[in-house]
Amino acid sequence: MKQLIKLITAMSFVVFSGHAFSETKIVYHVNEGVQQASRAIGNIRNHLNADPKAKIVVVTHGPGIDFLLEGAENMSGSKFSASIGDLVSKGVEFRVCNNTLVSRKIAKEQVIMEAKIVPSGVAEVSNLQAKERYAYLKP
């Protein structure tokens, strides 16, 4: 009986370990503006080409939220909305800091519908890293 319990425990550990490492989770931290957002979008596309099952969350605050506002354009004058919609269709999540919205007096309605508003961008990044074991990338 003891051997059976040891075997079940060992098998459970193997199954749990395999599950825990089967999904790559990454938080992209964007806080510097449109140029950084453009780099992030390129990096995320490349990331998903290499690892289509990666779980990616983009967290923004400060000037980093600008590309997630209605009508935002990249450095070439193209709207960000098409790129964002494409990434969302691939499972990428976008999160916007409410503290930034409040401090910059930006109405929540100006945030594109694909993005979720979170209380604090920096708290969101740290929670994803510490509590949900996301790897951290800053483009």
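Reply: Going along the sequence, the protein chain reads α-β-α-β-α-β-α-β-α-β, which gives 5 helices and 5 strands (DSSP runs, H or I of at least four residues for helices and E of at least two for strands, numbered from the N terminus). Keep in mind that this is a predicted model: local features need pLDDT of at least 70, side-chain atom pairs count only at pLDDT 80 or more, and totals for chains, interfaces and linings use all residues. Residues are numbered from 1 along each chain as its sequence is written, and side-chain values use heavy atoms, with hydrogens and water left out.

Now the pair. Helix α2 covers residues 34-50 and helix α3 residues 81-89; their axes come within 11 Å and cross at roughly 30 degrees (axes are lines fitted to C-alpha atoms, for helices over the stretch in contact, with angles from 0 to 180 degrees between N-to-C directions). So α2 is roughly parallel to α3, a label for angles under 35 degrees.

Who touches whom? On the α2 side, the contact (heavy atoms within 4.5 Å) is made by Ile-41, Ile-44, Arg-45 and Leu-48, and on the α3 side by Ser-83, Asp-86 and Leu-87. Those residues split into 4 nonpolar, 1 polar and 2 charged (Ala, Val, Leu, Ile, Met, Phe, Trp, Tyr, Cys and Pro count as nonpolar, Asp, Glu, Lys and Arg as charged, the others, Gly among them, as polar).

Zooming out, 38% of the chain's 139 residues count as buried, meaning under 20% relative accessible area with a 1.4 Å probe, protein chains only.

Technical notes: Parallel < 35°, antiparallel > 145°, perpendicular 65-115°, else oblique. Buried < 20%, exposed > 50% of the residue type's maximum accessible area, 1.4 Å probe, protein only.
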